[in-house]
Amino acid sequence: MSLKRALAATTALNLCAAVVPAAAQDSSITIATVNNGDMIRMQGYTDQFTAETGIGVEWVTLEENILRQRVTTDITTRGGQFDIMTIGMYETPIWGANGWLIPLDDLSAEYDVDDLLPAMAGGLSHDGTLYAAPFYGESSMIMYRTDLMEKAGLEMPDDPTWEFVRDAAIAMTDRDNDVYGICLRGKAGWGENMAFLTAMSNAFGARWFDENWRPQLDSDAWSETLNFYLDLMEEAGPPGASSNGFNENLSLFQQGKCGMWIDATVAASFVTNPDDSAVADSVGFALAPNTGKGRNSNWLWAWALAIPAGTNQQAEAKQFIEWATSKDYIELVAENEGWANVPPGARTSLYENPDYQAVPFADMTLKSILSADPLNPTVEPVPYVGIQFAAIPEFAGIATQVGQEISAALAGRQSAEEALSKAQALTEEEMEAAGY
Amino acid sequence: MARAVTPKQKAINTGLAWTIGLLIFFPILWTILTSFKTEAEAIASPPVFLNFSWTLENYAIVQERSDYLRFLWNSVIIAGGSTILGVIIAVPAAWSMAFVPSRRTKDILLWMLSTKMLPAVGVLYPIYLIFIQLGLLDSRIGLVVILMLINLPIIVWMLYTYFREIPGEILEAARMDGAGLREEILYVLTPMAVPGIASTVLLSFILAWNEAFWTLNLTAANAAPLTAFIASYSSPEGLFYAKLSAASTMAIAPILILGWFSQKQLVRGLTFGAVK
């Protein structure tokens, strides 16, 4: 056969392969998920699930924002590309209300649905029906350097006020040695700076909307929140904080450049891991600060597994969810990788386990989760569910724009008042357009 | 008349060209270097350039976690298929526009190009719904078609520019010698335009290889190419920069090598028609 013919034959074969999609197995499910440590770990154990049940598992792992866009497109068009989707507390009640998710109201007795932490089960339900099973949950808390706190002659209370945090941050700051008293999120985005600031504003008594859905960003409470945040970051924050998100602050903290960092509780396992963190042996934990108004600045989030209404593999998907979010799965991970690496924040029984209670950040994680109430996030009543967000479809777009205004204020391009005034105007406009 | 260039000017020009070249290449170089660091070294501040403990661990982890060859194969099929299909359609289209122009040819060319001005997300839902109806979601053939359509205006434009440089008299002579339309395009025009077609093919292949909107939004487990492979290593909650860099290096290596070996064709193709 000549070279030309061989090439032509190979090309033809390849094109045939391209035309015919790979045949899917009958007992195979496709799961869309995020690239987080716990999720990646779960992928490593799915062979065991397949061996036990005969159900194959295909993973589609994507970056969080890409995943959100991808699964939203698929579920709204009933594309049926995924049998299980990894979604959060923001999407679950909205999608559940729209009938886009299969209710998880018939889970087996062995699954012990009552063991799910009430805050998690509540945030993943709509009208009392569970629509997604929490794989891991998180709140936020203060992670601080015990050595720097001691050097400053201070002692961190378990439940500190923002005043204490400001004083401590200023005392710990040593700009000559590249040490900054506090690292907080500044990067714009509804899940970035606005997650932090919305949770912080709850402690100051602020709210996004009043009972009649009127935006409240021009309130005194929001002004107090933002001015406090901006002043604190100017006095004790790192340079360029307006572009810092979770990863940037994690990197700064691990390199010993932050005295305190208020962020997701899952970060505790990263900052105490001696392989990655230079300060692993001198990290303490405390509740996110309050202002004495009865609310702390901590949020509540869960990455959860849900079944889209368009799937043909409902039974298999439910079987997988029961396996991945079960007590047995937690035991499996603990056995192989230690208790510090099990998915946290989903089940009450985990926090009653003496082995897990020995993990240094377990107690404060639980306290943080328990102190968060998505139904009553702030001092005054609100018409929405959610602590660091309002669970309405319009929120992500609005909060991202508001986040950009606040990020600009942190970068020194405008004042707090200017940022809030623009934020109020754009929120009013969007809410009016949405028919509120 | 060519201008005389003094050795000093030549040295300055060369230095400037190298500086710009290195600046452009620096992000790629940094990605490659980061892929050989540990996660702690990847985020070190101040950053370390070459003085770190080189490791292949990230590549080992990426290999273990992902089926790289499956993603690579999908990329080859999708980029190759869309390019071949695009050229098959574009050659006759460009021929007709270059040698048998009508009053509306310029308008058609501009109209074709105007489709590139719409943000892709604007047509995501219609395309997604069409793909559901046709059963093309998560299939390589679906992506071949969509990427061909996306790159077609550019392919037609480039080939049109090339064909216009070829004297119409040659084709006329072929016609007088009895060549039909098929023979004229296949045996007269195409061989003369091989350098142009080659650079068009290369550019189309590179564009399809790097396309990261449709390839992410229309695929799931079966047809995902290397863009999805990279996206699976990015995370806003966790420091995986070294692994992400290793995945990126593995994804760009084939196209980088291809571009390196064919840079003369590529530069010639891209500057053709501009220099007269």
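## Helix α9 of chain A

The buried residues of α9(A) are A:Ala221, A:Trp222, A:Thr225, A:Leu226, A:Phe228, A:Tyr229, A:Met233 and A:Ala236. These residues lie on the same side of α9(A) because they cover an arc of only 160° around the axis, the arc being that of the directions from the helix axis to the C-beta atoms. Here a residue is buried if 20 or more other C-beta atoms lie within 10 Å of its own, exposed if 12 or fewer, and partly exposed in between, with C-beta atoms placed from the backbone. An α-helix has 3.6 residues a turn, so residues three or four places apart point the same way.

The structure is a predicted model, in which local features need pLDDT of at least 70 and side-chain atom pairs count only at pLDDT 80 or more, while totals for chains, interfaces and linings use all residues. Residues are numbered from 1 along each chain as its sequence is written, and chains are lettered from A and ligands numbered from 1 in the order in which they are written. Helices (H or I, at least four residues) and strands (E, at least two) are DSSP runs, numbered from the N terminus. By that count α9(A) covers residues 220–236, 17 residues in total, and reaches 24 Å from its first C-alpha to its last, close to the 24 Å expected at 1.5 Å a residue; the expected span is 1.5 Å times one less than the number of residues. The cover over its buried residues includes α7 (162–172), β7 (180–183), α8 (193–203), α17 (395–410) and α18 (416–433) of chain A.

## Domains of chain A

Chain A is divided into domain 1 (27–131 + 301–362) and domain 2 (139–299 + 385–433), with bounds that come from an automatic or database domain assignment. Taken over C-alpha atoms, the centres of these two domains of chain A are separated by 28 Å. Domain 1 of chain A brings 9 residues to the contact and domain 2 of chain A brings 11 residues, two residues being in contact if their C-beta atoms, placed from the backbone, lie within 7 Å. The side of domain 1 of chain A that touches domain 2 of chain A has 7 nonpolar, 2 polar and no charged residues, where Ala, Val, Leu, Ile, Met, Phe, Trp, Tyr, Cys and Pro count as nonpolar, Asp, Glu, Lys and Arg as charged, and the others, Gly among them, as polar.

Chain B holds 14 helices and 0 strands, and its C-alpha trace spans about 70 × 65 × 30 Å along the principal axes. Of its 276 residues, 37% count as buried. Among contacts in chain B with a separation of 6 or more, 80% are between residues 24 or more positions apart.

The contact between the chains takes 32 residues from chain B and 32 residues from chain A. At least two residues of the side of chain B that touches chain A come from each of α2 (39–42), α4 (68–99), α6 (124–134), α7 and α11 (214–217) of chain B, and α6(B) gives the most, with 5 residues. By class, this side of chain B comprises 19 nonpolar, 9 polar and 4 charged residues.

## The largest nonpolar core

The largest nonpolar core has 192 residues, of which A:Ile84, A:Met143, A:Met260, A:Ala304, B:Ala94 and B:Leu159 touch the most other members. Such a core is a set of buried Ala, Val, Leu, Ile, Met, Phe, Trp, Tyr and Cys residues joined through C-beta atoms within 7 Å. Helix α7 (residues 140–164) of chain B gives the most to this core, with 14 residues, and at least three residues are drawn from each of domain 1 and domain 2 of chain A. Not counting residues up to four places away in sequence, B:Ala94 touches B:Val156, B:Leu159, B:Tyr160 and B:Phe163.

Helix α3 of chain A (residues 64–77) buries A:Ile66, A:Leu67, A:Arg68, A:Arg70, A:Val71, A:Asp74 and A:Ile75. The cover over these residues includes β1 (28–34), β2 (56–62), β3 (84–87) and α4 (91–97) of chain A, together with α11 and α12 (226–231) of chain B. Just after α3(A), A:Arg78 takes a positive phi of about 55°.

In the loop between α7 and β7 of chain A, A:Asp178 has a positive phi of about 65° although it is not a glycine. A:Trp213 lies in the loop between α8 and α9 of chain A, and A:Trp213 also has a positive phi of about 65° without being a glycine. A:Trp213 is partly exposed, with 16 other C-beta atoms within 10 Å. In chain B, B:Ser53 lies in the loop between α2 and α3 (57–65) and counts as exposed, because it has 9 C-beta neighbours inside 10 Å.
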